[in-house]
Amino acid sequence: MRTFRLDGANSLLTGDIGSGKSTVVDAITTLLLPAHKIEYNKAAGAQKKERSLMSYVRGFHKSARSTGGEYSRPVALRGTGQLTVVLGVFHNAVLGKWVTLGITLWATQEAGQPSRFYSLAEAEQSITADFSNFGQDPLKLKKKLRAAGVDVRDTFEPYAAAFKRQFGISGNQAMELFHRTVSMKQVENITSFVRSNMLEEDDVAARITNLIHHFDDLKKAHDAVLRAKDQISLLSPVKEGAAQHAKMTAEDGLARKQRDQLHPWFTDQKLQLSLEHQAELERTGTRLEEDAARLKDEIKQLRRDLAGVEEDIRTNGGGRLAAIDADLSRLAAESAAQRQRFETYSAAAANLGLQPPEDRVLFDANKARLAGVEQDLARGSDNLQDRRTELTMTRTVLTSQAADIAAELTSLQARRNLIPLPQLDIRRRLCEGTGIKDAELPYVGELLRVRDGEAAWEGAAERTLHGFALSLLVPAEHCAAVSSWVDSNNLRGRLVYLRVGESYTPRAAEPGTLAAKIAIKQGTPFRDFLQDELSARFDYFCCENMADFRRYPKALTANGQLKGGRGRHEKDDRKDLADRRNYVLGWDNHDKMARFRAEQDEVQGRLKVLATELGKVNDQLGTLGRKNRQLGIVGSVRDFAEIGWQLTARRIEDLKAEKRELESASDVLQQLMAKQAQVTEELGRLEDKAVKLQQRLGANEKDARDIAEAIEECRAVLAETPVTDDAVVLAAVGRLTQAALGGKPLTYRNTGTVESTVRSGLTDTIDALAKRIARAAESTIRQMADFRNKYPTETTDIDASLEAVPDYNRLLEQLESNDLPRFEARFKESLNQNTIHEVVAFNAFLDSRRQDIMNRIGEINQSLAGIPYNKGRHIQLEHQATSDRTCGSSAATCGRARRGPSATRTSTPSRSTCRWSG
């Protein structure tokens, strides 16, 4: 056991080499520092790991060779299990306080690290008194020490924290300084030594980096606000345009539903009104039949009365009168027939350009001209029939064309692609026959479109890729089923299909070629195949001028002229290059639908003009037909006597004069004749009334038959096309009908006219909506393309199409929910104010650290003043300002990064120098 007492003063330990000076230093170091940091025997200038804690515990003092002399091993003074104790006793005379630090070590094996525990006692201890008389069991020693109130620890960290509290050591720097200086033999650079070991270390570069990072974070946040604000400004018109497009599309759909329901609705209204009218006709018929029966009885009674009067006249000399009356009746009928024939002849003659037959001479002249008139009418009829045949054939062609356009429009409305209806029908039958889904057998045209910004080349691309676009893509696993079905069925058309393998390694399309101007639909499994085909087959250079066209071996002009291998040139202008009806590329068919609707309007207009012209021709043919009938009327009168009613009229006047003479010869006869005339007049009146009543009955029956037929026709129409149960559509049709009637009532007679008026108005509305929808779609898609061009990262998987509207709306909703633009002013203010504050705080920190260093150097100088370097001299440290290039560079970076007026002053607070003082 060895004891070394310092008694609170500076002490000098001297001795010969190997006398144990470094062992004392290592013992103190073992008490105050963790073992893994200690380099034992460093004070003696030994090499690293020449000694270790185990060598001290075991007491290794020399080496001995093995029996065979193969190796050497250390010789220990102590065996395993023996305890080694190091105590350090510290005393504060001012406070009168003792603190004893201890470490107990023992080896449990030949090599490795020894076991240990640490102890701290707030009293003066000694090895003899406190670490003896417990045997060799460390546990008993621990128990003994704890019983004496000693703080025992198994690890260094809580032990070190405890003695630092006792010694008033706040940080690790003092212990680090002790570690570095305890075995130090010389100081090469006092400035570095003081800075590294005696001053608190501050990572100024890290502070500057954090300041810059904070500024970058604020700037990124502000940039994010501006970016969100710009995105909202671009996406809001997209949302509004899409909403307007959707609203107009809904209005268009409602208007089309209304137009489709016009005929069923008006038919239903006509049916209800016809049923009401039918009931009214039935009531009217019953009333007329009752009136006719009553009138018939009255006429029978008057005829009996007239027969009695006539019998009395005959018995009173009225035989001649009866004969005269019979002649008058016969001649009156004959005269009426002659006059009717005369008037009919005269009217027909006038229409044929002949003179009225006032006498026999004029009649004979007309008869001579009849052959020439007949020839003129025949020639006019032939010409009109030819014209009618021509117009009818043209109408048939246009009607068929209109039906084809309507079918194509119906098909386009039910799908998004531009593939012609016959090709889609072939695929539909193929899929039904093989059980393959339509989506697994796409046409090339459904997956390709001309890129945005390449509109000038759209027509040429459509013409060049037309055949390829109508090719059906068949995956390898479906190829056998498809080929079998195609071979065994009549396609009623032409089909080209391409077998697509499992993997392809496409090469990128060369810039400037047609292939580079074609976009492939996102997410399609055929992308590699299509890219490979485009790059290999359609690598035509798109030439802006003919010089380039002649220079490249494979070239294409915007007007559709194509140059291929071996000097082959081609330009097919059978179809207009800009006619979108023939376009097949893309997955948005709005433009094609608009072109078809325009063509439909044109065809409907031509049909209306044809209908007008055909109506005129039919009217002219009707006029010729009437003239031919009038020619037959004129030709049927063979003799003038058939229409000479004047002679018959003179004979009637003579008979009436004779009758007046006979009637004036007898008073009784006159009375009877007066009564006969009275009865006859009444009978005639009643008979006229009966005739009119029968006519009314006939007309009523005819109306009843007509209304019954109309009712059946309405029911047949409603059975085929029933009225919808959509109350909104029906209410809208009702409002349109009331507007068209203008306050007039709707009857079963005017339903057709009102329906035509409403249909015409709806058609105009739909046409106007179609144009507005097309413009809205074009504007919205253009705005989408602008957003995609400006923000490609956010729109990697989003197309510029109306189908992608929900994706754009979700982006806008996310931006609006984040509400970043609301914080623009706050972020801007934070960006300016926080940066200024942090730079000012950093400068204040530097000034504070500079003052701390100056104070610390002052404390060091106080200690140095008490150590004479030689007689009358001692060492003093002076602080001098110096620049730190690393920190300055970082500060400059911060200054450059910040926008706005600010200044940064960065320097290392001081540099130490030695000064001799005497």
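By the cut-off used here (a side-chain nitrogen of Lys or Arg within 4 Å of a carboxyl oxygen of Asp or Glu), the count comes to 29 salt bridges. Keep in mind that this is a predicted model, so to speak of local features pLDDT has to be at least 70, side-chain atom pairs count only at pLDDT 80 or more, and totals for chains, interfaces and linings use all residues. Residues are numbered from 1 along each chain as its sequence is written, and side-chain values use heavy atoms, with hydrogens and water left out.

Two more terms turn up throughout:

- Helices (H or I, at least four residues) and strands (E, at least two) are DSSP runs, numbered from the N terminus.
- Buried means under 20% relative accessible area, exposed means over 50%, and partly exposed is in between (1.4 Å probe, protein chains only).

**Salt bridges**

- Lys790 and Asp230 meet through their side chains in a salt bridge, at 2.8 Å from N to O. Lys790 sits in helix 20 and Asp230 in helix 8, so this pair ties together parts that are 560 residues apart in sequence. Lys790 itself is partly exposed, at 48% relative accessible area.
- Asp539 pairs up with Lys554, and their closest N and O atoms are 2.7 Å apart. Asp539 is partly exposed at 23% relative accessibility, and Lys554 is partly exposed with a relative accessible area of 23%.
- Asp548 forms a salt bridge with Arg551, with 3.0 Å between the closest N and O atoms. Both belong to helix 15 and are three residues apart, which means they are separated by about one helical turn. Asp548 is partly exposed at 22%, whereas Arg551 counts as exposed at 53%.
- There is also a network: Asp425, Arg428, Arg429 and Glu432 are joined into one by salt bridges that share partners.

- Arg429 has its place in helix 11 (residues 421–434). With 13% relative accessibility, Arg429 counts as buried.
- Leu491 is 62 residues away from Arg429 along the chain, yet their C-alpha atoms are separated by 8.7 Å.

**The positive patch**

- On the surface, Lys247, Lys771, Arg772 and Arg775 gather in a patch of positive charge. Patches are made of residues with over 30% relative accessible area and no salt bridge, with like charges joined within 9 Å and nonpolar side chains (Val, Leu, Ile, Met, Phe, Trp, Tyr) within 5 Å.
- For the bookkeeping, Lys and Arg count as positive and Asp and Glu as negative, while His and the chain ends are not counted. The place of a charge is taken as NZ of Lys, CZ of Arg, CG of Asp or CD of Glu. Accessible areas come from the Shrake-Rupley method with a 1.4 Å probe, and for residues only the protein chains shown count as cover.
- Helix 20 (residues 751–790) supplies the largest share of this patch, three residues. Lys247 is found in helix 8 (residues 204–315).

**Buried residues in helices**

- Thr737 lies in helix 19 (residues 727–741) and is buried, with a relative accessible area of 1%. A polar atom of the Thr737 side chain is 2.8 Å from the backbone oxygen of Val733.
- Leu377 is part of helix 10 (residues 360–413) and is buried at 7%. Leu377 and Asn628 are 251 residues apart in sequence but 7.2 Å apart in space, C-alpha to C-alpha.
- Leu141 belongs to helix 4 (residues 138–147), and at 0% relative accessibility it counts as buried. The C-alpha atoms of Leu141 and Asp130, 11 residues apart along the chain, are 9.0 Å from each other.

**Positive phi without a glycine**

- Arg492 is not a glycine, but it has a positive phi of about 55°. Look for Arg492 in the loop between helix 13 (479–488) and strand 9 (496–500), where it is exposed at 62%.
- Arg566 is not a glycine either, and its phi is positive at about 60°. Arg566 is in the loop between strand 13 (562–563) and strand 14 (569–570), and at 90% relative accessibility it counts as exposed.

Methods:
A polar contact is a pair of N or O atoms within 3.5 Å; within protein, one must be able to donate a hydrogen and the other to accept it, and residues adjacent in sequence count only if both atoms are side-chain atoms.
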